[in-house]
Amino acid sequence: MTAAADVLHLTQSGVSQHIKPLEKELHQQLFTRTGRRIIPTPLALEIYPDLEAAFSKVQKRLAQATGAEIEPEGVV
């Protein structure tokens, strides 16, 4: 959670507060919490590629809409 918080510019508790409602909505845990460590559950590992692709697409569209720099694609 700490690493995610750093990337997202949130606090660790902020990240946890976003994960808990998602787990509640899914009626399943996404992480196994053992002391200070968290381990992704099989469900988390299963849905991660789809979520990453969706967020990447949204991020790209937002960058296009705002005229922000985006990484070149294809042969440069």
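## Close-up views of a predicted model

View 1. The buried residues of H2 pack against H1 and strand E1 (31–34); contact here means heavy atoms within 4.5 Å. Helices (H or I, at least four residues) and strands (E, at least two) are DSSP runs, numbered from the N terminus. The buried set in H2 is Gly 14, Val 15, Ser 16, Ile 19 and Glu 23, where buried means under 20% relative accessible area, exposed over 50% and partly exposed in between (1.4 Å probe, protein chains only). With 15 residues, H2 runs 21 Å from its first C-alpha to its last, close to the 21 Å expected at 1.5 Å a residue; that expected span is 1.5 Å times one less than the number of residues.

This is a predicted model, so to speak of local features takes pLDDT of at least 70 and side-chain atom pairs count only at pLDDT 80 or more, while totals for chains, interfaces and linings use all residues. Residues are numbered from 1 along each chain as its sequence is written, and side-chain values use heavy atoms, with hydrogens and water left out.

View 2. Glu 23 sits in helix H2 and counts as buried because its relative accessibility is 11%. Setting aside residues up to four places away in sequence, Glu 23 touches Gln 28, Gln 29, Leu 30, Phe 31 and Arg 33.

**View 3. Two histidines with positive phi.** Most residues other than glycine have a negative phi. His 9, in the loop between H1 and H2, has phi near 55 degrees. At 72% relative accessible area, His 9 is exposed.

**View 4. The largest nonpolar core.** Eight residues make up this core: Met 1, Ala 5, Val 15, Ile 19, Leu 30, Phe 31, Leu 43 and Ala 44. A nonpolar core is a set of buried Ala, Val, Leu, Ile, Met, Phe, Trp, Tyr and Cys residues joined through side-chain atoms within 4.5 Å. Leaving out neighbours within four places in sequence, Ile 19 is in contact with Met 1, Phe 31 and Arg 33.

**View 5. The largest pocket.** About 920 Å³ of space lies in this pocket, and 23 residues line it, with Ala 4, Leu 8, Ile 19, Phe 31 and Tyr 48 nearest its centre. Helix H1 (2–8), helix H2 (12–26), strand E2 (37–40) and helix H3 (42–66) are the elements that give two or more residues to the lining. H3 provides the largest share, nine residues. By class, the lining has 19 nonpolar, three polar and one charged. On a 1 Å grid over the protein atoms alone, a pocket is an open set of points where a 1.4 Å probe fits, with protein on both sides within 12 Å along at least five of seven lines; lining residues have an atom within 4 Å of a point.

**View 6. The second largest pocket.** This one has a volume of about 180 Å³. Met 1, Thr 2, Gln 12, Arg 33, Gly 35, Arg 36, Arg 37 and Ile 38 line it, which splits into two nonpolar, three polar and three charged residues.

Notes: Grid points are joined across faces, edges and corners, and a volume is the space filled by probe spheres set on the points. Ala, Val, Leu, Ile, Met, Phe, Trp, Tyr, Cys and Pro count as nonpolar, Asp, Glu, Lys and Arg as charged, and the others, Gly among them, as polar.
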